[in-house]
Amino acid sequence: METLFNITSNSLFSLLKTHKDSTFLPFSLLSSKSNNRVSFKIQDFQTFVAPRKRILKCISSDERMVKTSDEKAGLKKKNLAVFVSGGGSNFRAVHQAILSGDVHGQFVVLVTNKHDCGGAQYAREKGIPVIVYPGKKGEPQALSSDDLVAALSQYEIDFILLAGYLKLIPSELIQAYPKSILNIHPSLLPAFGGKGYYGTKVHKAVIASGARYSGPTIHFVDENYDTGRILAQRVVPVLANDTAEELAARVLRQR
């Protein structure tokens, strides 16, 4: 006789996650006319059953797995490097999110091509080391691309965040950190991206084009400007009488 599991819910189950000794499996459930009841055979799960006893649990798509404080304490914070060229508004926002517990990470180093920019000054105030790259031509202490990779390796970097960094990332760094370098761009890429599109220039170009929408884009970084795989975007309206500063503020709030 075949053993059947019956699951009844007012909403569909869209995700099953693993937790300790419980086995959760991803599958799609289709509701029926009779109390949204779904049946499936135990044989469907035999491939996934471990030798020891497991418990099959389901969570609703409306529920969240809330981790205990002990579980959070057991997770290693990700070491983050941030690259900036200006005031570092995105860097400051992420740093504040870290301090408030919204981001499980820590900035361990900042890289800038302008040693006296606002982002670098903020980092020094917070005790975050600052590396200048690239240095000015002719400076005997200027770092090469290989020097930069070696310097970052000392900080055991997990992810690199570009937050208004205006220089092209060297290929040596991209090869050393594949799919670990993220950029925040202030437009809906691929529109208004590429060399020369940064900061206020992006917002002025958006307004001049007559575009009705804009917004930030987060994407992986490759060897070119703003061409890496897009990970996330948010859309904001461009209002009829917007200035570049007003649009920039609206986009910034969505990052």
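This is a predicted model: local features need pLDDT of at least 70, side-chain atom pairs count only at pLDDT 80 or more; totals for chains, interfaces and linings use all residues.
Me: What omega does the peptide bond from Leu 189 to Pro 190 have, and where is Pro 190 found?

Reply: That bond is also cis, with omega near 10°. Pro 190 sits in the loop between E9 and H6.

Me: What makes the phi of Phe 192 worth a note?

Reply: Most residues other than glycine have a negative phi. Phe 192 is not a glycine, yet its phi is positive, about 60°. Phe 192 also belongs to the loop between E9 and H6.

Me: What is the phi of Asp 226, and in which loop is Asp 226 found?

Reply: Asp 226 has a phi near 60°, again a positive value in a residue other than glycine. Its place is the loop between E11 and E12.

Me: Why is Asp 226 called buried?

Reply: The relative accessible area of Asp 226 is 15%. Buried means under 20%. The value falls under that cut-off, so Asp 226 is buried.

Me: What makes E7 and E12 edge strands?

Reply: Start with the order of the open sheet, whose 7 strands run E7-E6-E5-E8-E9-E11-E12 with mixed pairing. Strand E7 (130–132) and E12 each have a single partner strand, so one side of each has no neighbour in the sheet. From one strand to the next, the twist averages 25°.

Me: Which helix lies across E5, E6 and E7, and at what angle to E6?

Reply: Helix H3 (residues 118–125) lies across those strands and runs at about 135° to E6.

Me: What volume does the largest pocket have, and how many residues line the largest pocket?

Reply: Its volume is about 690 Å³. The lining has 36 residues, and Gly 164, Tyr 165, Leu 166, Tyr 198 and Gly 199 lie nearest the centre. At least two lining residues come from each of helix H2 (89–99), strand E9 (181–185), helix H6 (199–209) and helix H7 (244–252).

Me: How do the residues of that lining divide into nonpolar, polar and charged?

Reply: There are 15 nonpolar, 16 polar and 5 charged residues in the lining of the largest pocket.

Me: Which residues lie nearest the centre of the second largest pocket, and how much space lies in the second largest pocket?

Reply: About 530 Å³ of space lies there. Of the 24 lining residues, Val 94, Leu 161, Ile 184, Ile 218 and Arg 255 lie nearest the centre. H2 supplies the largest share of this lining, 4 residues. By class, the lining has 15 nonpolar, 6 polar and 3 charged residues. Arg counts as charged, so Arg 255 belongs to the charged class.

Conventions
Residues are numbered from 1 along each chain as its sequence is written. Side-chain values use heavy atoms; hydrogens and water are left out. On a 1 Å grid over the protein atoms alone, a cavity is a set of points where a 1.4 Å probe fits but cannot get out, and a pocket is an open set with protein on both sides within 12 Å along at least five of seven lines; lining residues have an atom within 4 Å of a point. Grid points are joined across faces, edges and corners, and a volume is the space filled by probe spheres set on the points. Two strands pair if DSSP finds at least two bridges between them. Axes are lines fitted to C-alpha atoms, for helices over the stretch in contact, and angles run from 0 to 180 degrees between N-to-C directions. Contact means heavy atoms within 4.5 Å. Buried means under 20% relative accessible area, exposed over 50%, partly exposed in between (1.4 Å probe, protein chains only).
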